[in-house]
Every structure is written in C-alpha cells, then in structure tokens.
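Here are my comments on the structure you sent over. They are set out as numbered points, to be read with the model open.

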Amino acid sequence: MGTHSHPELTKNQSLVFGTLNRADGPLTAYAILDLLRDEGFRAPLQVYRALEKLLDFGLVHRLESLNAFVACSHPGCSQHHAVAFAICETCGNVLEFTPDAALKDLSKWAGDCGFSPAKTTIELRGTCRGCGQAATN
C-alpha cells in the first residue's frame with residue numbers, strides 16, 4: 001500500500017483506504033459505501049468506523065467543506081498536525097500541501113492568544129491552473 005507505514009489495517013479499513021487511494025478525487029462516505037457494496041458493505045457505520053481509524057492513522061484526510069475524504073498524498077502525514085488543500089471548484093481536483101509560512105503565523109497567533117489548536121486544516125477553494133488556462137483559451 002504505497003510508502004505509508006501504519007498499523008495492520010482490518011479488512012474494512014484496507015478496502016476503504018484502497019478505494020480512496022484509487023479515487024481521482026474526494027469521496028463522501030456514501031460514495032465509498034456504494035463502491036464497496038460488492039465487498040459486503042451494507043451500512044454507512046461500517047464506512048465511518050473505518051474512516052475514523054484511517055484518520056487516526058493519518059492515512060486519510062477529511063475535507064470539511066466538501067464533507068468528503070481523500071487519501072493522504074505523502075507518507076508520515078500523521079506527524080503533521082496541520083495540512084492544507086487546494087480544491088478546484090471546476091474539475092474537483094485536490095492538491096495537498098503544507099503551507100509552512102502560514103502555519104508559523106497561525107501558531108504565533110494561537111500562542112499569543114493562549115489557544116492550543118489540536119488540529120489545523122486549511123482549505124483553499126478556487127480554480128486550478130489547468131482549468132484557469134482552459135477558461136482563458
């Protein structure tokens with residue numbers, strides 16, 4: 001399963017992770033359920049339980065604004081307490097990145113305010129380069 005190091009996954013966790021890993025973009029829990037019906041998935045709870053563990057392991061991320069999930073694009077992500085996504089509203093493409101300078105500013109602000117963030121997710125919504133170029137042609 002790529003270069004991720006993680007605990008042994010259960011069958012359901014492996015199936016959910018594999019589905020997200022093969023997907024072209026983010027998937028909702030219900031889309032995952034539909035794709036795994038032939039594998040014996042019947043209830044949303046089965047998907048949500050697997051997603052919860054995969055989130056804990058840092059193998060997948062939840063895109064809050066889309067209420068959808070994506071496989072982590074780089075190994076060792078569970079070490080990061082912050083992650084950022086650029087989401088194209090035209091084609092649905094999602095890029096994962098770590099905005100170090102912005103995170104430094106956020107950490108300083110949080111420290112100055114005495115706020116202790118448990119997790120930071122930044123989502124940029126807009127148009128990717130490919131869709132932007134297509135629109136100007």
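This is a predicted model: local features need pLDDT of at least 70, side-chain atom pairs count only at pLDDT 80 or more; totals for chains, interfaces and linings use all residues.

1. The values below are computed from it.

2. **Overall fold.** The protein has five helices and five strands. Along the sequence they follow the pattern α-α-α-β-β-β-β-α-β-α. The protein has 137 residues, and 31% of them count as buried. Take the contacts between residues at least 6 apart in sequence: 52% of these join residues at least 24 apart.

3. **Salt bridges: the count.** How many salt bridges are there? The count comes to four. Side chains of opposite charge can pair when their charged atoms come close. Arg37 is partly exposed, because its relative accessibility is 34%.

4. **Glu89 and Arg125.** This pair also forms a salt bridge, with the closest N and O atoms 3.3 Å apart. Where do the two residues lie? Glu89 sits in the loop between strand E3 (82-88) and E4, while Arg125 belongs to strand E5 (residues 120-126). The pair therefore ties together parts that are 36 residues apart in sequence. Glu89 counts as exposed, at 51% relative accessibility. Arg125 counts as partly exposed, at 40%.

5. **Asp112 and Lys108.** Here the closest N and O atoms of the salt bridge are 2.7 Å apart. Both residues are in helix H4. They are four residues apart, so about one helical turn separates them. Asp112 is exposed, and Lys108 is exposed too.

6. **Cysteines.** A disulfide is a covalent bond between the sulfur atoms of two cysteines. How many disulfides does the model have? The count is zero. The cut-off for a disulfide is 2.5 Å. Cys131 counts as buried because its relative accessibility is 16%. Cys72 is buried as well, at 4% relative accessibility.

7. **Thr98.** This residue lies in the loop between strand E4 (94-97) and H4. Is Thr98 buried or partly exposed? Its relative accessible area is 28%, so Thr98 is partly exposed. Leaving aside residues up to four places away in sequence, Thr98 touches His74 and Leu103. Val83 is 15 residues from Thr98 in sequence, yet their C-alpha atoms are 5.6 Å apart in space.

8. **Second largest pocket.** Rolling a probe the size of a water molecule over the atoms shows where empty space is left. The second largest pocket has a volume of about 200 Å³. It is lined by 12 residues, and those closest to its centre are Leu106, Ser107, Ala110, Pro117 and Thr120. Which element gives the most to the lining? Helix H4 (residues 100-113) does, with five residues. By type, the lining residues of this pocket are eight nonpolar, three polar and one charged.

9. **Where to look again.** The loop between strand E4 and H4 holds Thr98.

Definitions and conventions. Residues are numbered from 1 along each chain as its sequence is written. Side-chain values use heavy atoms; hydrogens and water are left out. On a 1 Å grid over the protein atoms alone, a cavity is a set of points where a 1.4 Å probe fits but cannot get out, and a pocket is an open set with protein on both sides within 12 Å along at least five of seven lines; lining residues have an atom within 4 Å of a point. Grid points are joined across faces, edges and corners, and a volume is the space filled by probe spheres set on the points. Ala, Val, Leu, Ile, Met, Phe, Trp, Tyr, Cys and Pro count as nonpolar, Asp, Glu, Lys and Arg as charged, and the others, Gly among them, as polar. Buried means under 20% relative accessible area, exposed over 50%, partly exposed in between (1.4 Å probe, protein chains only). Contact means heavy atoms within 4.5 Å. A salt bridge is a side-chain nitrogen of Lys or Arg within 4 Å of a carboxyl oxygen of Asp or Glu.
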